[in-house]
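Have the viewer ready and follow along.

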Amino acid sequence: GRPLPLFGQSLFAQPPSTFSPVDWMQVPSDYIIGPGDELEINIWGQITANLRVTVDRSGQIYVPQVGEISVAGVHYGDLEQHLKREILKVFKNFSLTANLGRLRSIQILVVGDARYPGTYTISALSTLVNAIFASGGPAPQGSLRHIQVRRDGQTITDFDFYDLLIKGDKSKDVRLESGDVLYIPHVGPLVAISGSVNVPAIYEMKDNSTLQDLVDTAGDLSTVADTSKIIIDRLVDHQARKTLEFPYDEQSRVLPVKDRKSTR
């Protein structure tokens with residue numbers, strides 16, 4: 001009879017008012033230049049120019065006295081050397097710096113059990129985690145543990161948001177590209193845990209999870225926990241309730257947890 005929160009949903013309780021762009025963060029060296037990016041180029045020596053140019057739809061920029069230079073697909077870390085090589089075909093004895101100004105925007109599609117599904121226009125530096133917050137996160141019936149990015153018919157990552165919330169691990173976060181689909185499937189098995197644990201809540205568990213996995217996800221037992229008794233309330237065939245009681249020991253730790261039950 002004790003109300004428990006659905007773990008992680010409090011992050012998305014308020015609808016997103018605006019999606020704060022990440023245009024002003026440091027651009028990583030592996031960022032790929034594309035149409036719509038603005039370049040700031042300074043050249044001095046045999047040729048002098050101070051340029052702010054936008055990459056056109058064909059992936060090119062125009063440099064006076066040099067002509068069209070293709071830059072689409074070039075990594076930001078290689079941009080200066082790429083421009084120098086192209087300009088050296090016409091001029092010698094010059095120096096050059098190149099930076100990114102305003103970044104292009106990309107469009108992604110958020111589908112499945114998202115709180116606010118639809119098409120979103122976001123910064124080209126945005127990652128999966130940015131897009132999750134931009135779209136309001138999963139709905140209560142959506143999964144936090146299997147958020148997928150699909151690109152050209154392939155699933156390029158399967159992100160477990162619990163890794164970020166509990167461990168601070170976002171190693172499976174990926175930078176998005178225009179046309180990516182963010183798919184949030186239906187929530188997986190739900191198990192409630194209350195009593196002498198550090199974070200009582202309703203948790204989404206993965207297949208073949210054990211009682212130990214559930215306790216670990218809930219932040220482990222509290223300092224006053226009595227390990228001599230643990231009670232599991234389980235629904236059988238969606239109707240009959242079955243109550244199990246046993247010590248929390250090595251044998252019970254490997255007990256599989258199942259959907260539609262409360263553990264305390």
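Leaving aside neighbours within four places in sequence, Glu80 is in contact with Leu96, Thr97 and Ala98, where contact means heavy atoms within 4.5 Å. This is a predicted model, in which local features need pLDDT of at least 70 and side-chain atom pairs count only at pLDDT 80 or more, while totals for chains, interfaces and linings use all residues. Residues are numbered from 1 along each chain as its sequence is written, and side-chain values use heavy atoms, with hydrogens and water left out.

Glu80 belongs to helix H1, residues 79-87; helices (H or I, at least four residues) and strands (E, at least two) are DSSP runs numbered from the N terminus. With 28% relative accessibility, Glu80 counts as partly exposed. The cut-offs are under 20% relative accessible area for buried, over 50% for exposed, and partly exposed in between, using a 1.4 Å probe and protein chains only. The Glu80 side chain also reaches the backbone nitrogen of Ala98 at 3.1 Å.

Now look at Asp37, in the segment before strand E1 (38-45). Is Asp37 buried or exposed? At 0% relative accessibility, Asp37 counts as buried. Its side chain reaches the backbone nitrogen of Gly34 at 3.0 Å and makes a polar contact with the side chain of Arg104 at 2.5 Å. A polar contact is a pair of N or O atoms within 3.5 Å; within protein, one must be able to donate a hydrogen and the other to accept it, and residues adjacent in sequence count only if both atoms are side-chain atoms.

On to the rings. A search of the whole structure finds seven aromatic pairs. Rings of Phe, Tyr and Trp (its six-membered ring) pair if their centres lie within 6.5 Å; planes under 30 degrees apart count as stacked, over 60 as edge-to-face and the rest as tilted. Phe7 and Tyr162 have ring centres 5.1 Å apart and planes at 85 degrees, so this pair is edge-to-face. Because Phe7 lies in the segment before E1 and Tyr162 in helix H3 (residues 161-167), the pair ties together parts that are 155 residues apart in sequence. Both Phe7 and Tyr162 are buried.

Phe12 and Phe133 form a tilted aromatic pair, 5.3 Å centre to centre with 40 degrees between the planes. Phe12 is buried, with a relative accessible area of 2%, whereas Phe133, at 36% relative accessibility, counts as partly exposed. Together with Phe159 and Phe161, Phe12 and Phe133 form one aromatic cluster.
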